[in-house]
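Visitor: I am new to this structure. Can you show me how to read it, feature by feature?

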Amino acid sequence: MSSLVAQLSERFAAVTGGVDPELRPATKPQFGHFQCNVAMRLAKQEGAKPRDIAQRIVAEIAIDDLCEPLEIAGPGFINIRLKNSVLASATNDLMADPHHGVPQDPNPRRTVIDYSSPNVAKQMHVGHLRSTIIGDCFSRVLSATGSEVIRQNHIGDWGTQFGQLVEQILEEGIDAATLDLAGAEALYKRAAAHFKSDEEFADRARRRVVALQAGDEQTRMIWHQLIDVSLAGFNATYDRMNILLTDEDLAGESTYNQALVKVVEDLQVMGLAVEDDGALVVWVGGFDAPMIVQKRDGGFGYDATDLAAIRHRVDNLGAERIVYVTDARQAQHFAMVFAVARQAGWLPEDVSAEHIGFGMVLGSDGKPFKTRDGSAVTLSSLLDAAEEIAAPPIALAAIKYADLSNGLNKDYVFDAERMVQTTGDTGPYLQYAHARTCAVMREAAAKGLALDTAVTVLDEPTEQALALALSHFGEAVVEVATTLQPHKLCTYLYELAQHYSAFYQQCPILKSEGAVRDSRLGLCRAVRTVLAAGLGMLGIEALERM
Ligand code: ARG
């Protein structure tokens, strides 16, 4: 099913010699529903008067099955008003469509989304909150448009810190299996401090890293226990937040360990990796510093691991699009990784790689959100704060919506009081709008009315505006799938809820009668469907009662 805009555009293109009419929503209701300024552009090319061109288009176009007679305004704008019957059938089509008007990508790409990715033996912090919420939204939106999504949770489960952790555990004589995530994090801090202050301990910790890499049994066992206690903590958070990630999606740094030697060897053979002061580095055009793929001590790091991950995703997972969700400060890291992978031929031109960076979460003082002792705020404490003022599904909606509704690159202030309001541009407001549509349907059912009615009458301007807004759902979703900017879907849903509100105030539903009542119930049901589908894509529960 192609969207109304697509259908209109096609009709215009037939009389503009294929030139895209670039239809825009009308700036004022009295101008109709859409506006087209293609006449100005054609006039420039042809050296003719825009008004003449507009007149020719209006005379030649075959569009009266869709629109009221076209109107020419000002120097040559063409105003377009859809027929009410067309708006009505668009709404009915949306309800008949299993995808609710969301067009399915004709060339869906298998898409790897790398998100959440917390670090073992550390609690998830606000940065992971954002990555988790945003990545989950991408996952839901891309699935909705027909892409095959492969989630990858690139947890930090490898590295020199494990030498310190294991050594500290042995020294303190703790059973790592009995720790919880908070306990593991406390241990992490003690181990790091110990490492700094005690040379002898630092030596043991370094040897312990070697033992871990060599597969020493006891070391491996403790390392595994640390991962298990961490995963239990992460999974509890995912459950609490209704996040799609499961253990199946885990592909931590350690899984690439075996591949690192080959990554570096291949880079050397290709002449891309060169020696620099004992280390192996790759110079990338446009960057001040090279990428270090192997350190002087022979160790590999975050960069080499990400190169191995790309190879795996392209070669073994068959990725055609790879999306990384981390804070914006990692932009340079990913730009370099992508550049090196392209040069090495591991990331073919037809596979896209996108890093979606996001801004920081700020406290009410406008500074990065920190606890009183200056450490990063844990994700659970944020959830606790929101749940102190609202029930869990509402608190969660508040947090997710606040995170998704601003441009991702912007920092935002974590203001629980504002976020949980049921008025204004908030998640709970949208949940509330949805719950109101459910209440109408419940009341209609109680009266014994038929609920699966079609939209047939759209005489009131608020009804027309609502039907038009409904017809834009698919476009909003496709835009997010393409540009990965979730706030566009938030804005769309917020506007839809406002149109519903205006309609609800001006058009009695259950107090009207006959075809009008049926038609209004049909609109109400369509709004409920679209709000539920849209909220679902944001990872927000569409509550039936509030
Ligand atoms: N563990 C990293 C962090 O906490 C994020 C990893 C992101 N993904 C990746 N492939 N580098 O910052």
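Guide: We start with a definition. Helices here are DSSP runs of H or I with at least four residues, and strands are runs of E with at least two. Keep in mind that this is a predicted model.

Visitor: What are the helix and strand percentages over residues 430–546?

Guide: The chain there is 71% helix and 0% strand. The end C-alpha atoms of that span are 11 Å apart. In UniProt, an unreviewed entry annotates residues 430–546 as "domain: DALR anticodon binding".

Visitor: Which residues does UniProt list for "domain: Arginyl tRNA synthetase N-terminal"?

Guide: The unreviewed entry gives residues 2–82. Over residues 2–82 the chain is 37% helix and 15% strand. The end C-alpha atoms of this span are 15 Å apart.

Visitor: Which residues does the "short sequence motif: 'HIGH' region" cover?

Guide: UniProt, again in an unreviewed entry, places that motif at residues 118–128. The span is 27% helix and 0% strand. Its end C-alpha atoms lie 6 Å apart.

Visitor: Now the ligand. Which residues surround the ligand?

Guide: Asp 114, Ser 117, Pro 118, Asn 119, His 154, Gly 156, Asp 306, Ala 309, Tyr 324 and Thr 326 do. By class, the shell has three nonpolar, five polar and two charged residues.

Visitor: Which elements each supply at least two residues of that shell?

Guide: Helix α11 (302–315) and strand β10 (321–327) do.

Visitor: Next, helix packing. What describes two packed helices?

Guide: The angle between their axes and the distance between the axes. Take α6 (residues 161–172) and α9 (residues 217–241). They pack at an angle of about 100°, with their axes 10 Å apart. Angles of 65 to 115 degrees count as roughly perpendicular. Therefore α6 and α9 are roughly perpendicular to each other.

Visitor: Which residues make the contact between α6 and α9?

Guide: From α6 come Phe 162, Leu 165, Val 166 and Ile 169. From α9 come Thr 219, Ile 222, Trp 223 and Leu 226. The contact of α6 with α9 has seven nonpolar residues, one polar and no charged.

Visitor: At what angle do α2 and α3 cross?

Guide: The axes of α2 (residues 38–46) and α3 (residues 50–60) cross at roughly 120° and come within 8 Å. That makes α2 oblique to α3.

Visitor: Is the crossing of α2 and α3 left-handed or right-handed?

Guide: α2 passes α3 in a right-handed crossing. Ala 39, Met 40, Leu 42 and Ala 43 of α2 meet Pro 50, Ile 53, Ala 54 and Ile 57 of α3. The contact of α2 with α3 has eight nonpolar residues, no polar and no charged.

Visitor: One more pair. How do the axes of α17 and α20 cross?

Guide: Helix α17 (residues 461–471) and helix α20 (residues 514–537) have axes that cross at roughly 30° and come within 11 Å. α17 passes α20 in a left-handed crossing.

Visitor: Which residues of α17 and α20 meet?

Guide: In α17 they are Glu 463, Leu 466, Ala 467 and Leu 470. In α20 they are Leu 523, Ala 526, Val 527 and Val 530. By class, the contact of α17 with α20 has seven nonpolar, no polar and one charged residues.

How values were computed:
Residues numbered from 1 in each chain as written. Predicted model: local features only at pLDDT ≥ 70, side-chain atom pairs only at ≥ 80, totals over all residues. Near = placed C-beta within 6 Å. Nonpolar A, V, L, I, M, F, W, Y, C, P; charged D, E, K, R; others polar. Axes fitted to C-alpha atoms, helices over the stretch in contact; angles between N-to-C directions. Parallel < 35°, antiparallel > 145°, perpendicular 65-115°, else oblique. Left-handed = near helix turned anticlockwise from the far one by under 90°. Contact = placed C-beta atoms within 7 Å. UniProt positions renumbered as here; feature names shortened; annotations may be inferred.
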